[in-house]
Structures are given as C-alpha cells and as structure tokens.
Amino acid sequence: MLEILLLFTAVAAGFLGALLGLGGGIIIVPVLTLFYHVNIRYAIAASLISIVATSSGAAASYLKDSLTNLRLAVFLEIGTVAGAIVGFLISSYIQTKFLFFLFGFFLLFSALMMLRRREEYLGAKNHPWAESLKLDGAYPESNERWVEYKVQQVPLGLFAMFGAGVLSALLGIGSGIFKVLAMDEAMKLPIKVSSATSNFMIGVTAAASAGAYLLRGDIQPQIAAPVAVGIILGSFLGAKAMVRMPAKRIRQIFVVVLVVVSLQMIVKGLS
Amino acid sequence: MSLHELELKISHLLRAGVLFAGMLLLVGWLWMWAQGGDVLTSYSEYKPQSLSESIQWALIMNDRALLLSFAGLGVLVTLPLVRVLMTGILFVKQKDYRLALMAFAVFMALVASFFLGIEL
C-alpha cells in the first residue's frame, strides 16, 4: 500500500516537474524522508532518477511540439556542465549553510519579481551570439498560433547556467528552478520555452550523477522503480497539459513552487 | 535534414527509450512487490552495497525481478547521454559543427563523470 501511495506521489511530482521544468526532487525527497523514513542518501538517489525520468518523459513531447529549443539547450549545457565540475572541485572548501540562506532569499526575491511581471515580455531583437548560433525560434500557443521569440543577453544566460551548475553541485539541489529563472528573466524567453528547454537540460546533468549513484549502489530499485514509473506517467500528463495551459497560469504555479523552494532553502540555511 | 526533423528523431528515441525503461521497471517492481510486499520502511538505514555486488547477489539468488529493475534503471540513466550523443551526430549531419562540438564536449564530460563517480 505504501508503495502505491508513493506511485501516486510520483505521478504528481512528474506532472509538476514536466509543467515547470523542474526535476520533482522538491516533492520526492521530503516525502521519502518524512513520510516513509527512508534514509536521505536513498531519497536523494531516487530524486535523481525522478529528474532523469521527468526530463526524458517530457522532452519527447516537447521536442515533438517544438517547445524545446534544442540549439539553445546544447549551448547552455556547456555552462551548466562547466559549473557543475567547478562546483564539485570547490565543494570541500565551501560552507554551504550560508549559500542555502543566501540563495533562498534570492529565490524569494525572484518569486516577487515574477509575480509583479504578469504578462510575457518577449524580446524584439536577438543578441549577436543568438544571431550567430541561430538560437531564436517559434512555438505553438494553446490557440495553435505560432509565437516567434528572440533570445537576449546570451552571455548573462550562459553565466547564469554556470552559476546554476555550481550551485547544483554545492547544494545538492536540482538546478531546474535556476535554469527556468535565467531563461525567463535574463534571456527573455517565453515561460513555456524556458520550462521545456530546462526540462531537456536537467536530465543530462542528473544522468551523470545518477550513474555515479547507481554504480555505488545507492539507487535501490524497490524505491526508485515506483518513483520512476509514477514520474514517467506524470511527466507525459504534465507535458500534454502544458501545451494547452495558458502561459500566465504556468507562471503563477511556478511562483508558488519558487516560494516553497526558497523557504525550504532558508530553513536549511538556518538549521 | 531540418531542425524539426532532427527534433522528431530525438523525440522518437526518447519516447521509445522511456517506455521501454518504464515497462522494465513496472514489471520488475510489481514482481518484487508480489514477492516481498511493502519494503520501503526497511530503508531507514544506509547499507552500502555496490551495483556489481547487488547484481551478483541477484544472479546467485536468480532474482529476476531485481535484475529487470536494474535493467530498467540502466536504460533510463543512459537515455540522456544517448540523447546528447545523438544531438551531436545530428548537428554534424546538419553541418552545424559549432553546436556539434558543444554537444560532444558535454557528452565527453558526462561520460567521464559517470565513470569517475563525480556527482555533477
């Protein structure tokens, strides 16, 4: 019975993860540790599997629906992977408690900024790098109208991805939330494209960590299997819902999740 | 090949891979559940056991449910790496060498971290 409940929780996490470009770890880790009293190492390992499953499950639909910007994802992955390697190398020298606190407040501030911005702001002009690499694109809105978008402040976006990679390695958190924020706020991409592109990217770095955890034996199939099955189902449903859902609603849900994550981080920083 | 055709190819690969991994995990999980019931609460303590040890044990005990689940996890974890590699190859086909190079660089970094046990 417990495992069936976990399956349903994973469906919800997969749905939310696919919709917002996040991994679902913010739901899976607390549920496993607080309700099932699963050891934190097994819970983190299962959450990595949830990120990989969300990413692969949703990416299949988003690529077909032209919501993922594949060229941009590949370009920004350079920043994320470089950041993650730097984060891994400096992790033993950094006191992470303060970082949790600092970035918790940063996310809370970002949530307020997003809340103030009610409408999508699409850039009218490409950054020269975006022009050179042909990073701009178009996506279908819910009413089947195609919306063209440009990509702005590419160096800032790349730097933010580097930062997201460093933070992800230092704090052990999925960096999807930072990726969506960077694409939305810095690069002025539509929220649906930011979310779908983040979804594509988070699975790539999580897969490397998940591989390390799998080889070490931290991924227990008895925990990871129901999580993965539920997440795959949820991510298929989330990807379908995102295509139909208005951008404004996705932004509102993202802000709520942003507040929850920021409070989780502040509490971690204080404890 | 247009960009959308490229995206469709990766999309088909992902969908097939995810469904295959999901089926293996579902069958493995239901089989394990039928054999042992709910075991989640028994994971409150961390007991280190490497993947090779777990697979050896499953082979000795002929635990096919566990083997199926590990196969599912293996497919799921390697999917994003295959996705990056395939993206690189498809960018080469598009003669977009800059993005192909970026994709291959990411792929190499991921494979290295995978085998060196670096958590990115």
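Q: Which helix is A:A13 found in?
A: In this predicted model, A:A13 belongs to helix α1 of chain A.

Q: Buried or exposed, that A:A13?
A: Buried, because its relative accessibility is 0% and the cut-off for buried is under 20%.

Q: What does A:A13 touch, not counting residues up to four places away in sequence?
A: A:G24, A:I27, A:I28 and A:I231.

Q: And how far apart are A:A13 and A:Y42?
A: In sequence, 29 residues; in space, 17 Å from C-alpha to C-alpha.

Q: Back to the helix. At what angle do α1 and α2 of chain A pack?
A: About 160°, and their axes are 9 Å apart. Helix α1 covers residues 2-20 and α2 covers residues 25-35.

Q: Why is α1(A) called roughly antiparallel to α2(A)?
A: Angles over 145 degrees count as roughly antiparallel, and the angle of about 160° therefore makes α1(A) roughly antiparallel to α2(A).

Q: Which residues make the contact?
A: From α1(A), they are A:L6, A:T9, A:A10, A:A13 and A:L16. From α2(A), they are A:I27, A:I28, A:V31 and A:L32.

Q: How many of them are nonpolar, polar or charged?
A: The contact of α1(A) with α2(A) has eight nonpolar residues, one polar and no charged.

Q: Is the crossing left-handed or right-handed?
A: For α1(A) and α2(A) it is right-handed.

Q: New topic: which residues touch the most other members of the largest nonpolar core?
A: That core has 130 residues, and the ones in question are A:L32, A:I49, A:I177, A:M187, A:I219, A:F254 and B:L76.

Q: Which helix gives the largest share of this core?
A: Helix α3 of chain A, residues 40-64, with 14 residues.

Q: What is A:M187 in contact with, leaving aside neighbours within four places in sequence?
A: Its contacts are A:L72, A:L76, A:K150, A:V151, A:Q152, A:Q153, A:V154, A:G157 and A:A182.

Q: Back to α3(A). How does it pack with α1 of chain B?
A: The two pack at about 150° with axes 8 Å apart, α1 of chain B being residues 3-36. They are therefore roughly antiparallel to each other, and α3(A) passes α1(B) in a left-handed crossing.

Q: Which residues of α3(A) and α1(B) make that contact?
A: On α3(A), A:S56, A:G57, A:A59, A:A60, A:S61, A:L63 and A:K64. On α1(B), B:H4, B:E7, B:L8, B:I10, B:S11, B:L14, B:R15 and B:V18.

Q: And how do they divide by class?
A: The contact of α3(A) with α1(B) has seven nonpolar, five polar and three charged residues.

Note on methods: Residues numbered from 1 in each chain as written. Chains lettered and ligands numbered in written order. Predicted model: local features only at pLDDT ≥ 70, side-chain atom pairs only at ≥ 80, totals over all residues. Heavy atoms only, no water. Core = buried A, V, L, I, M, F, W, Y, C linked by side-chain atoms within 4.5 Å. Buried < 20%, exposed > 50% of the residue type's maximum accessible area, 1.4 Å probe, protein only. Helix = DSSP H or I, 4+ residues; strand = E, 2+ residues; numbered from the N terminus. Contact = heavy atoms within 4.5 Å. Axes fitted to C-alpha atoms, helices over the stretch in contact; angles between N-to-C directions. Parallel < 35°, antiparallel > 145°, perpendicular 65-115°, else oblique. Left-handed = near helix turned anticlockwise from the far one by under 90°. Nonpolar A, V, L, I, M, F, W, Y, C, P; charged D, E, K, R; others polar.
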